[in-house]
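Visitor: I would like to learn how to read a few local features of a model. Where do we start?

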Amino acid sequence: DFSRGIVAADGKQAMIDHARELKRRGVPTYVDPSHGLPLLEREELIEMIDASEGYIVNDYEWSMSLDKTGLGEEELGARCGAVIITRGKQGSTIRQGDREIEIPPVEADEVVDPTACGDAYRAGLLFGRARGFGYEIAGRMGSLLGSLQVGTRGAQNLRIDLEAFRSRYE
């Protein structure tokens with residue numbers, strides 16, 4: 001049983017098929033096409049976004065999504081539960097309906113390697129959402145996790161001390 005699903009960058013057909021199957025099963029699905037975005041045609045991208053729990057992109061990918069679909073920000077945002085736009089050092093914006101939530105960045109203690117910072121943000125966001133937190137708290141969890149990731153060399157070397165995470169979050 002899945003509490004959340006994410007469709008991340010993959011081969012074009014794999015992304016489309018995964019989105020369709022997760023939605024068919026009723027799994028709240030987040031779409032994060034990342035570097036796979038250019039592979040998708042207009043209708044394929046719209047289909048993936050439609051009825052998804054959230055659409056996660058960086059600011060460049062958001063601009064590309066608007067260009068590719070030909071839809072305005074509000075129209076594209078209305079097709080899913082939320083649009084999450086990451087902006088690196090400038091934090092992130094979460095648009096949920098007519099509500100816009102600005103998530104401030106968390107300054108890293110030390111910048112060692114930016115690899116996987118966006119992945120860590122998404123992991124924190126999805127962890128929070130899977131535990132029932134609203135987007136403001138989940139987004140802040142993602143921001144904190146992203147800042148911890150940049151202090152670690154490599155993409156899969158981050159170790160989390162839950163108490164330290166909670167303390168830093170507060």
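Guide: With how elements are named: helices and strands are DSSP runs, numbered from the N terminus. This is a predicted model. In it, the loop between β2 (29–32) and α2 holds Ser34.

Visitor: What is the phi of Ser34?

Guide: Ser34 is a residue other than glycine, yet its phi is positive, near 45°. Ala116 is not a glycine either, and has a positive phi of about 75°. Ala116 sits in the loop between β6 (99–103) and α5 (117–130).

Visitor: Is Ala116 buried or exposed?

Guide: Buried means under 20% relative accessible area. Ala116 has 15% relative accessibility, so it counts as buried. Ser34, with a relative accessible area of 22%, is partly exposed.

Visitor: At what angle do the axes of helix α1 and helix α2 cross?

Guide: The axes of α1 (residues 12–24) and α2 (residues 42–49) cross at roughly 30° and come within 9 Å. Angles under 35 degrees count as roughly parallel, so α1 is roughly parallel to α2. The crossing of α1 past α2 is left-handed.

Visitor: Which residues make the contact?

Guide: From α1, Lys12, Met15, Ile16, Ala19, Arg20 and Lys23; from α2, Glu44, Glu47, Met48 and Ile49. By class, the residues of this contact are 5 nonpolar, 5 charged and no polar.

Methods. Residues are numbered from 1 along each chain as its sequence is written. This is a predicted model: local features need pLDDT of at least 70, side-chain atom pairs count only at pLDDT 80 or more; totals for chains, interfaces and linings use all residues. Side-chain values use heavy atoms; hydrogens and water are left out. Axes are lines fitted to C-alpha atoms, for helices over the stretch in contact, and angles run from 0 to 180 degrees between N-to-C directions. Helices (H or I, at least four residues) and strands (E, at least two) are DSSP runs, numbered from the N terminus. Angles under 35 degrees count as roughly parallel, over 145 as roughly antiparallel, 65 to 115 as roughly perpendicular and the rest as oblique. A crossing is left-handed if the near helix is turned anticlockwise from the far one by less than a right angle, and right-handed if clockwise. Contact means heavy atoms within 4.5 Å. Ala, Val, Leu, Ile, Met, Phe, Trp, Tyr, Cys and Pro count as nonpolar, Asp, Glu, Lys and Arg as charged, and the others, Gly among them, as polar. Buried means under 20% relative accessible area, exposed over 50%, partly exposed in between (1.4 Å probe, protein chains only).
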